[in-house]
Amino acid sequence: MFGLNKKDAGLLIVVAILALAAPFILNPFPEGSAMAQFNAGYPDLMQRLVIFGIFAIGFNILFGLTGYLSFGHAAFLGVGSYAAIWMMKLLTMNVIPAIVVSIIIAGLFSLLVGFISLRRSGIYFSILTLAFAQMSYALAYSVLTPITGGETGLQPKYTDPRVLDKALEAGQQPRANLFGLEMNQGFQLEMGNWVFTFNAGYYIAAVVMLVAFYLSIRIFRSPFGMMLRAVKSNQQRMNYTGLNSKPYTLAAFVISGMYAGLAGGLLVAMDTQVGAERMFWTASGEVVLMTILGGAGTLIGPVLGAGFIKYMENIVSKINKSVLEQWFAFMPDGIEDVLVAIIYPFVGKGWHLTLGLLFMLVVIFLPGGLVEGGQRIGKMFRRRDANANSIEADAAEQRKPAAE
Amino acid sequence: MAILEVKNVGKRFGGLQALGDVNLNVAENSCHAIIGPNGAGKSTLLNCLVGKLIPDTGSVMFDGHSVLGRKPYEINQMGISRVFQTPEIFGDLTVMENMLIPCFAKRDGAFRMHAIESIKHETDIIGKAEGMLEEMKLIEKRHMTASSMSRGDKRRLEIAMCLAQEPRLLLLDEPTAGMARADTNNTIDLLKQIKEERDITIAIIEHDMHVVFSLADRITVLAQGTPLVEDTPDKIKGHPKVREAYLGETQDAA
């Protein structure tokens, strides 16, 4: 199907079903119940899940295949966002030109950054990309204020020229749309106590994510993808096999930069504002975490990692002291206070602490990320004689020293 | 006719003159061995041929073209393949993928952006790689991760990868270093077979005299960065200067 083998097509279908049924899957708890705060099926979060999924898929093409660890990918996300918002200010509130231009501009910027950074490898490459990202952040935050809006950032206003759209009335808020379909449009489906929200913006982002995912599978299975893994495995042999590794790594860098630009453009399409903090180094670090947590070099890993981190960021961070007190209210006062005091640092604003601990556990016990965890669980339930490899098996095998 | 002409090549590392004034002609379709004690400059010379090092003086001509100043991948594309002392293969990739990469490099050159096509549809390349693995008796290991193979198998794979590029000159840097006797003999047989069946020139650096004398048509003895003598194996064996500089100490070891 679509030029994929059975396993890859199966994986794509599973991801497609998950993405399209996400409003159901992410809302398992009835409205008003105590567990309702674990529901993630609201448009804003669902959009973020798939958009950061795209970001991580692209990052994985660089890091997972070539092993070059870029610590500045948020810069491309940010550049894509600024490009998209300017399209919305100057051209039209339609998201198509915004997204297309964000990919192009991010691609050009990553070509420049990659051309310079790829003169070095290893830690020096990482530091160079980090330096570029922090310079971009500093420029966006202060020096380039006329273009970037500095501290306040940018958003479309009714006074913008927008040459392709009809003029808006004074005070009217411009809304991002796809040929008239506004991103925040949607409907709610009530089934008993459950409420499911279907949102136009989410579905547009989800379809784009599926296309991005499909392309990444094709890249993984192409001769080009194999060459990128060869770069990671042995650059010396590559050079002595008549292959110039530099254009390969640069192409991978630019492709992943374009994925980041696409994610940035989509972020703006869903929520029409942008600020410089989007390019801060912590944002670059986050995509590294997503990829490693999910499983670098695997197809589905980055998507899982992105979903996992964004879910935690939005759900665990909302558990505050009063919620904890409510949970443990049935206990005697003394014990309740102790439990709340123990758990409190790990939730709410302390969600990074939980994330950090989980990240450490995954890296130590599951070097292949969540994907490896899934494989191990799968193995436990499968009979030993079964020859069937799981969908990600070959990626996992490549990672192992395979001395067994 | 000489396919490789090394003229007056010199290389200095700080205070150490690694190569003095090396002149060397490797005849087409011959097997030329370069021997010499440790520190004689054998590896430095080899590195000068493949573009890893640039000599301070002199010239290196391959098939009438200078290789100096070219990058290793460019020199490789000219037709020089190199086998390393420790097998350099793509350890994380499967044996089959290891074999596919040089086949692609031969067909598509140093870079080609074939990012959407599936490898599965490259039937010519797959056929060539499989044929090569068959010839090297590695076909049943095609799905193995390359790093998990034995040293002898890695060496065979590396040679196969070099041959898949159809090079005109094959450079071998101590191909049997660290090998058991049986593996060494297998490697000798393999190299003999390659020499007989293919239109290829072989230049080999080797410590093991057994290997050198069973393969080489001509031998150059290098000592302290300069060629001492160049002659046929039979004459080298009896040469007094060579015995003094080299064979005397290694015969004990062998």
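1. Because the model is predicted, local features are described only where pLDDT is at least 70 and side-chain atom pairs only at pLDDT 80 or more, while totals for chains, interfaces and linings use all residues. Residues are numbered from 1 along each chain as its sequence is written, and chains are lettered from A, with ligands numbered from 1, in the order in which they are written.

2. Chain B holds an open sheet of 6 strands in the order S6-S7-S8-S3-S9-S10, with mixed pairing; strands here are DSSP runs of E with at least two residues, helices are runs of H or I with at least four, and both are numbered from the N terminus. Two strands pair if DSSP finds at least two bridges between them. The edge strands of this sheet are S6 (80-83) and S10 (226-231) of chain B, each of which pairs on one side only.

3. Within this sheet, S8(B) is joined to S7(B) by 5 bridges in the parallel sense, and Leu169(B) has Thr201(B) as its bridge partner in S8(B). Strand S3 (residues 31-35) of chain B also pairs with S8 (residues 201-205) of chain B in the parallel sense, over 4 bridges, and here Cys31(B) stands opposite Ile202(B).

4. Is S8(B) mostly covered or mostly open? S8(B) is mostly covered, since 5 of its 5 residues are buried, where buried means that 20 or more other C-beta atoms, placed from the backbone, lie within 10 Å of the residue's own, exposed means 12 or fewer, and partly exposed lies in between. Thr201(B), Ala203(B) and Ile205(B) point one way from the strand, whereas Ile202(B) and Ile204(B) point the other way.

5. S7(B), helix H6 (residues 181-197) of chain B and S8(B) make a right-handed β-α-β unit; right-handed means that, with the strands pointing away from the viewer, the path from the first strand over the helix to the second runs clockwise.

6. The contact between the chains takes 33 residues from chain B and 29 residues from chain A, with two residues in contact if their C-beta atoms, placed from the backbone, lie within 7 Å. On the side of chain B that touches chain A, helix H2 (72-78) and helix H3 (95-108) of chain B are the elements that give two or more residues, and H3(B) gives the most, with 6 residues.

7. In chain A, the axes of helix H3 (residues 43-66) and helix H11 (residues 245-270) come within 8 Å and cross at roughly 175°; axes are lines fitted to C-alpha atoms, for helices over the stretch in contact, and angles run from 0 to 180 degrees between N-to-C directions. H3(A) and H11(A) are therefore roughly antiparallel to each other, a term for angles over 145 degrees. Among the contacting residues are Phe52(A) and Phe55(A) of H3(A) and Phe253(A) and Tyr259(A) of H11(A).

8. Tyr124(A) lies in helix H6 (residues 122-143) of chain A and counts as exposed because it has 11 C-beta neighbours inside 10 Å. The C-alpha atoms of Tyr124(A) and Ser136(A), 12 residues apart along the chain, are separated by 18 Å.

Terms used
Angles under 35 degrees count as roughly parallel, over 145 as roughly antiparallel, 65 to 115 as roughly perpendicular and the rest as oblique.
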